[in-house]
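Here is a short briefing on one protein model. It covers a loop residue, a helix residue and a pocket.

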Amino acid sequence: VVREVAVKSLVNSLKEDSEGVTAIVFDGVISQRIVDVSAEKCIGTVVGTRKGNITKMPAGLTLWTKENLY
C-alpha cells in the first residue's frame with residue numbers, strides 16, 4: 001500500500017503524485033476519467049467494483065471488477 005485516499009479524491013491524488021503506483025484498488029466504479037489518468041500515469045492495473053461507461057480503452061491497462069474476481 002502506497003497510500004489510502006477517499007474514492008472522491010482518487011483522481012486528484014493520482015494527478016498530484018502517482019510515483020511508485022503500479023495498481024489502483026478501490027471500492028467504486030471504474031470511470032473513463034480514472035482509466036485516462038491511469039493510462040497517463042503508466043498505471044497498469046485498476047481494480048474496482050464495476051466498470052462504468054468506458055468508451056476508449058488504452059492498450060496496456062487491465063481492468064478488474066468483482067465479477068472477474070469471483
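S18 sits in the loop that links α1 and β1. The model is predicted.

- The relative accessible area of S18 is 14%. S18 therefore counts as buried, since the cut-off is under 20%.
- Beyond its neighbours within four places in sequence, S18 is in contact with K41 and I43.

**Helix residue Q32**
- Q32 belongs to helix α2, which spans residues 32–40.
- Q32 has a relative accessible area of 15%, so Q32 is buried as well.
- With residues up to four places away in sequence left out, Q32 touches N53, I54, T55 and K56.

**Largest pocket**
- The volume of the largest pocket is about 340 Å³.
- The lining of this pocket comprises 17 residues. Closest to the pocket centre are R3, L10, A23, I24 and V25.
- Two elements, α1 (10–16) and β1 (23–25), each contribute at least two lining residues.
- Sorted by class, the lining holds 12 nonpolar, 4 charged and 1 polar residues.

**Recap**
- Where does Q32 lie? Q32 is in helix α2.
- Which elements each supply at least two residues of the pocket lining? They are α1 and β1.

Conventions:
Residues are numbered from 1 along each chain as its sequence is written. This is a predicted model: local features need pLDDT of at least 70, side-chain atom pairs count only at pLDDT 80 or more; totals for chains, interfaces and linings use all residues. Side-chain values use heavy atoms; hydrogens and water are left out. On a 1 Å grid over the protein atoms alone, a cavity is a set of points where a 1.4 Å probe fits but cannot get out, and a pocket is an open set with protein on both sides within 12 Å along at least five of seven lines; lining residues have an atom within 4 Å of a point. Grid points are joined across faces, edges and corners, and a volume is the space filled by probe spheres set on the points. Helices (H or I, at least four residues) and strands (E, at least two) are DSSP runs, numbered from the N terminus. Ala, Val, Leu, Ile, Met, Phe, Trp, Tyr, Cys and Pro count as nonpolar, Asp, Glu, Lys and Arg as charged, and the others, Gly among them, as polar. Buried means under 20% relative accessible area, exposed over 50%, partly exposed in between (1.4 Å probe, protein chains only). Contact means heavy atoms within 4.5 Å.
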